[in-house]
Amino acid sequence: MSVPESQDKKLLLRGSEGRGTSQQYGTHPSSSQRSRSPQHFGSDGNISPVSTSLRYEPQECTETDFLLPKHLYGSSRFSESTRIKDAGGSSAPAESVCCVVLQILVPFLLAGLGTVSAGMLLEVVQNWDVFQEITELFILVPAVLGMKGNLEMTLASRLSTAVNTGKLEPADEKWMLIAGNLALKQLQATVLGLLASLMATLLGWMAEGKMPLQHVMLLCSSSVSTSFIASLLQGIIMVGVIIGSKRFGINPDNVATPMAASFGDLITLALLACFSYWFYSLIDLYPYVLYLVDMLFVCLIPVWIFISLKHPASRILLRTGWEPIITAMVISSIGGVILDKAVTDPNLAGIIVYAPVINGIGGNLVSIQASRISTNLHLNYPPREVPEDRKGCFNPCRTFFGSGANHRSAQILLLLVIPGQLIFLYTIHLMKGANTLPSPLLTVVFLAASVIQVFTLLCIADCMVHCLWRRGRDPDSYAIPYLTALGDLLGTALLSLAFVLLWCIGDSGSV
């Protein structure tokens, strides 16, 4: 047997082994995708191999430097069964509408129930002494809940792209990447918790002209403790969801980001309420406990930095990943100021139960779309190159009726808003005792605010993700924090406007 023939047989055997692991996605990646260097078209139209290396060796590619080397763009784990490349270089998804809806619907409903539960909990705790005396906690609520978009959803989007591009296939690489990202997330949660409390303190001082030191320490201790514990719990759950999605052949782009938010709001808000209540009970007798708590979390920062430096992906994000999450935290805090003013206004009674719902649902839906667009760009386009129809001026119609790979998912996500919010509105009133139903006017203005919010966010996501890619930035790390923060701001502002309209008309919101 000649050497080339033996190499071909080895290559075929290796390709068949690869198909065994990739059948969970319903795909059959070619051996050239798994074990060969890139191929180029020659002047005669034939494919000429650049290298005959048969051994797969994962290259050191960081999250901000894109998940695939440049020569691998255009080849995909999904390429043979879910994508058909046309002559222009764009790709059309082969996922059926039913498949996309089913994969999105269940986590979407779970996330909605989580936000409904968070809204009901917030309605209860707003009457606690600590929330009545330290109203800056309401400013803190959107910022702390927004960390779900800053951290959990960003992690989910990065790991989903890593799964879809085969980055998690080597076991050693998989666990190093996961450990580095989790450590980085704990570091970011600690820093963001401190910054969110300081932002709430500053905004509260600007509004009232005073801020006692004990209140500042309570805000810091509550924010950091909540951020750290919630981030740890949700990070572990998120890794399990993504690995489970890969094992069961589900596209993690469709389920990971909403599952990250499914009960994230409820867990985070419950922790914030409990820590605030506990620290408030200690503020007079044992004030030093608040200082010790802050010092403990600050002392853990070097540990997370050390672990993050072990993996090149988290090492790069350790330097470059702060801009979007800090900016998003500031945007969410502005939404918190609006919520604080609305909650303390007796004419807008009842608004607080709906705020987590409209904010959470909008953020969940736009995160799915951003994750799908980002994965499509990673798989099919080299860095700084975008589809032809995205190179000109932005047109919102292309988001929903364009020729790209994700316009159909944008249509599905927008169509889910009205039936989903109707279910959640009815669920809220059932949890209140089922003695009343939402008034028709409340239903109309709430649905209108939700549709406007999601439509705007989907258009912004389409433009933002492509702009980030064109500028050489990884959308997985940059887009979702901005989008979820804008969702909080838009949702809170539109909801407040809707309740002002109800108050002007004299509608009580229930029948």
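Mentor: What follows covers a surface patch, the cysteines and the aromatic pairs. Keep in mind that this is a predicted model.

Trainee: Which residues form the nonpolar patch on the surface?

Mentor: Leu213, Leu285, Tyr286, Tyr288, Tyr291, Leu292 and Met295, with about 790 Å² of accessible area together. Helix H11 (residues 288-299) gives the largest share, 4 residues.

Trainee: And where does Leu213 lie?

Mentor: In helix H8, which covers residues 213-248. Leu213 has a relative accessible area of 56%, so it is exposed, the cut-off being over 50%.

Trainee: Switching topic: how many disulfides are there?

Mentor: The structure holds 0. Cys299 is exposed at 54% relative accessibility, and Cys504 is exposed at 57%.

Trainee: OK, rings. How many aromatic pairs does a search of the whole structure find?

Mentor: It finds 11. In one of them, Phe228 and Phe297, the ring centres are 5.0 Å apart and the planes are at 50°, so the pair is tilted. Phe228 sits in helix H8 and Phe297 in helix H11, so the pair ties together parts 69 residues apart in sequence.

Trainee: Are Phe228 and Phe297 buried or exposed?

Mentor: Both are buried. Ring pairs also link Phe228 and Phe297 with Trp304 into a cluster.

Trainee: What about Phe400 and Phe455?

Mentor: That aromatic pair is stacked, with 5.2 Å centre to centre and 5° between the planes. Phe400 is in helix H16 (residues 396-401) and Phe455 in helix H19 (residues 440-470), 55 residues apart. Phe400 is buried at 4% relative accessible area, whereas Phe455 is partly exposed at 37%.

Key:
Residues numbered from 1 in each chain as written. Predicted model: local features only at pLDDT ≥ 70, side-chain atom pairs only at ≥ 80, totals over all residues. Heavy atoms only, no water. Patch = residues over 30% accessible without salt bridge, like charges linked within 9 Å, V, L, I, M, F, W, Y side chains within 5 Å. Areas by Shrake-Rupley, 256 points an atom, 1.4 Å probe, with all protein chains shown as cover. Salt bridge = Lys/Arg side-chain N within 4 Å of Asp/Glu carboxyl O. Helix = DSSP H or I, 4+ residues; strand = E, 2+ residues; numbered from the N terminus. Buried < 20%, exposed > 50% of the residue type's maximum accessible area, 1.4 Å probe, protein only. Disulfide = S-S within 2.5 Å. Phe/Tyr/Trp six-rings, centres within 6.5 Å; stacked < 30°, edge-to-face > 60°.
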